[in-house]
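This report covers pockets, helices, aromatic contacts and backbone angles. The sequence and structure come first.

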Amino acid sequence: MKFKFAALATVCFVTAAHAQTTPPPPIANSPEAQAQAAQPPQQGGAQPVIDIVGGISAPMPIAIPAMPTSAVVDTPAGSTDVLGQKLADIITNDLRGSGLFTPIPPAQLRTVAFPEVTAPAYDYWGGTGAQSLVQGYVRANSNGTLTVGCYLYDVSSKVELIRQGFVVSPGDWRRAGHKCADAIYARLTGEGPYFDTQVVYIAESGPKNRRRKQLAIMDQDGANHRFLTNGQSIVLTPRLSPKLNAILYMSFERDRPSIHIYDLNSRQDRTLVANVALNFAPHWSPDARWVVFSMAVGGNTDIYRVPASGGTPQRLTTSPGIDTGGSYSPDGSKIVFESDRGGTQQLYVMNADGSNQHRISFGGGRYAAPAWSPRGDQIAFTRMGGGAFRIGVMNPSGGGEQLLTNSWGDEGPSWAPNGRVIIFFRSAQGSGRPDLWTVDLTGRATRKVPTPLDGSDPNWGAVRP
């Protein structure tokens with residue numbers, strides 16, 4: 001799938017002193033924008049920053065009024081005035097969902113006139129309790145694209161913190177809202193962005209003993225949902241390529257398990273590992289050149305790797321028992337996996353070539369579904385014990401273990417690209433009906449992800465360019 005998200009560049013907009021008379025900001029990457037971008041941003045005194053080390057005591061109050069438009073124009077995405085409200089809603093939902101921000105209630109959000117975008121009413125916004133203010137605008141361009149401006153202000157210091165402009169096709173207008181939220185989140189927290197991303201997962205429906213499972217993809221907030229398979233064959237464990245152009249998954253086509261790759265651009269599907277044996281649990285390498293997976297041969301299950309282009313699998317583990325669930329470190333040098341070679345299901349780490357295999361989990365219970373953080377500093381997992389499944393994290397040497405959830409059936413963690421948030425699926429006891437959830441590293445900010453059907457096996461993709 002190709003996205004027409006053009007000219008994603010930071011642009012330097014008009015100053016507040018000229019807000020009443022200066023035309024709207026130039027389109028990103030134009031000569032005017034390049035010249036203005038060389039100017040330094042405004043500087044002020046103390047600026048708001050969220051300290052998230054060890055958690056946050058109180059989310060930051062932030063005002064996000066509707067974005068005005070220079071002229072109401074009907075577009076394929078809707079009129080520009082309606083889009084201004086929808087964009088503010090997207091930014092609001094993204095920031096609130098992070099658990100680090102408290103958006104000011106709608107009743108306190110005054111209407112912002114177009115000239116006011118670069119000349120904030122600081123006294124008013126200060127009276128609402130907001131520490132930060134997000135303002136912007138929407139403009140329809142003559143070539144059919146939309147320009148979305150995004151500004152962040154420090155209310156108490158009365159200074160501009162960021163200014164960005166996005167030129168998008170009408171079909172990608174939501175991405176401009178996510179990009180704006182990403183810029184705000186990164187500026188105020190010091191963390192990497194994660195809102196302009198997609199999630200692949202298994203959409204489930206039907207009775208408990210005969211579930212229909214389909215491959216599906218959507219934005220991280222549940223929008224732009226699409227089914228990619230028709231449910232005639234059971235599919236499991238989808239993994240979005242680091243290059244965002246393909247999905248790796250397991251299929252039971254013709255009742256014989258095999259590993260497939262679905263190309264998002266051509267919408268073509270190909271078999272990567274033929275079903276000569278039971279093979280499952282595929283994972284990409286960080287450069288998308290390799291795939292690690294598990295294969296059962298002669299009563300023993302081991303981890304193998306194969307070029308993503310196809311070829312002969314190379315065996316990486318040889319211990320008796322079941323070795324599965326390989327996940328690469330972000331530099332591609334190591335793989336974490338699960339094995340019952342010691343008598344119980346535990347986590348192990350090895351070099352990418354299979355050498356230096358050693359156990360890292362030593363807590364109570366069993367461990368499964370390890371996933372290495374994009375930052376490289378932690379490994380997420382499912383821990384099973386006392387009749388419950390919980391999501392936890394530990395460092396790559398096995399120390400610092402922390403359980404983040406406390407429900408009955410939480411499984412299958414996958415990291416957001418900034419390494420601070422985890423998506424997983426949760427089932428109520430005895431229901432057989434899973435839903436998608438997210439949790440942050442404090443364990444306090446949880447969010448249910450909306451899906452049209454039940455959902456399992458989520459995998460979070462990288463930030464889109």
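## Pockets

The lining of the largest pocket is made up of 26 nonpolar, 15 polar and 4 charged residues. In this classification Ala, Val, Leu, Ile, Met, Phe, Trp, Tyr, Cys and Pro are nonpolar, Asp, Glu, Lys and Arg are charged, and the others, Gly among them, are polar. The model is predicted: local features need pLDDT of at least 70, side-chain atom pairs count only at pLDDT 80 or more, and totals for chains, interfaces and linings use all residues. Residues are numbered from 1 along each chain as its sequence is written, and side-chain values use heavy atoms, with hydrogens and water left out.

The largest pocket holds about 1,200 Å³ of space. Its lining counts 45 residues, and those closest to the centre are Arg239, His283, Ser327, Ala371 and Asn459. Two or more lining residues each come from strands S11 (235–240), S15 (278–284), S19 (323–328), S23 (366–372), S24 (379–385), S27 (410–415) and S31 (454–460). A pocket here is an open set of points on a 1 Å grid over the protein atoms alone, where a 1.4 Å probe fits, with protein on both sides within 12 Å along at least five of seven lines; lining residues have an atom within 4 Å of a point. Grid points are joined across faces, edges and corners, and the volume is the space filled by probe spheres set on the points. Strands (E, at least two residues) and helices (H or I, at least four) are DSSP runs, numbered from the N terminus.

The second largest pocket has a volume of about 300 Å³. Ile64, Pro65, Ala66, Gln85 and Leu109 are the closest to its centre among 21 lining residues. Its lining divides into 12 nonpolar, 5 polar and 4 charged residues. Helix H2 (residues 80–97) gives the largest share of this lining, 7 residues.

H2 has 18 residues and reaches 25 Å from first to last C-alpha, close to the 26 Å expected at 1.5 Å a residue. The expected span is 1.5 Å times one less than the number of residues. Among the buried residues of H2 are Leu83, Leu87, Ile90, Ile91 and Leu95. Buried means under 20% relative accessible area, exposed over 50%, and partly exposed in between (1.4 Å probe, protein chains only). Just after H2, Gly99 has a positive phi of about 80°.

H4 is mostly covered, with 14 of its 17 residues buried. Gly190 follows H4 and has a positive phi near 80°.

## Aromatic contacts

The structure holds 11 aromatic pairs. Rings of Phe, Tyr and Trp (its six-membered ring) pair if their centres lie within 6.5 Å; planes under 30 degrees apart count as stacked, over 60 as edge-to-face and the rest as tilted. Phe337 and Tyr348 form a stacked pair, 5.8 Å centre to centre with 25° between the planes. Phe337 lies in strand S20 (residues 334–339) and Tyr348 in strand S21 (residues 346–351), so the pair ties together parts that are 11 residues apart in sequence. Phe337 is buried at 0% relative accessible area, and Tyr348 is buried at 7%.

Tyr185, Tyr194, Phe195 and Trp460 are linked into a cluster by ring pairs. The charged end of Arg305 sits over the ring of Trp290, 4.2 Å from its centre, and that of Arg426 sits over the ring of Trp437, 4.7 Å from its centre. The criterion is CZ of Arg or NZ of Lys within 6 Å of the ring centre and within 35 degrees of the ring normal.

Most residues other than glycine have a negative phi. Ala281 has a positive phi of about 55°. Ala281 is in strand S15 and is buried, at 13% relative accessibility.

Ala288 has a positive phi near 65°. Ala288 lies in the loop between S15 and strand S16 (290–297), and is buried with a relative accessible area of 13%.

## Contacts along the chain

Thr446 is in strand S30 (residues 446–449) and is partly exposed at 42%. Thr446 and Ile423 are 23 residues apart in sequence and 9.5 Å apart in space, C-alpha to C-alpha.

Arg267 is in the loop between strand S13 (258–263) and strand S14 (269–273), and is exposed at 51%.
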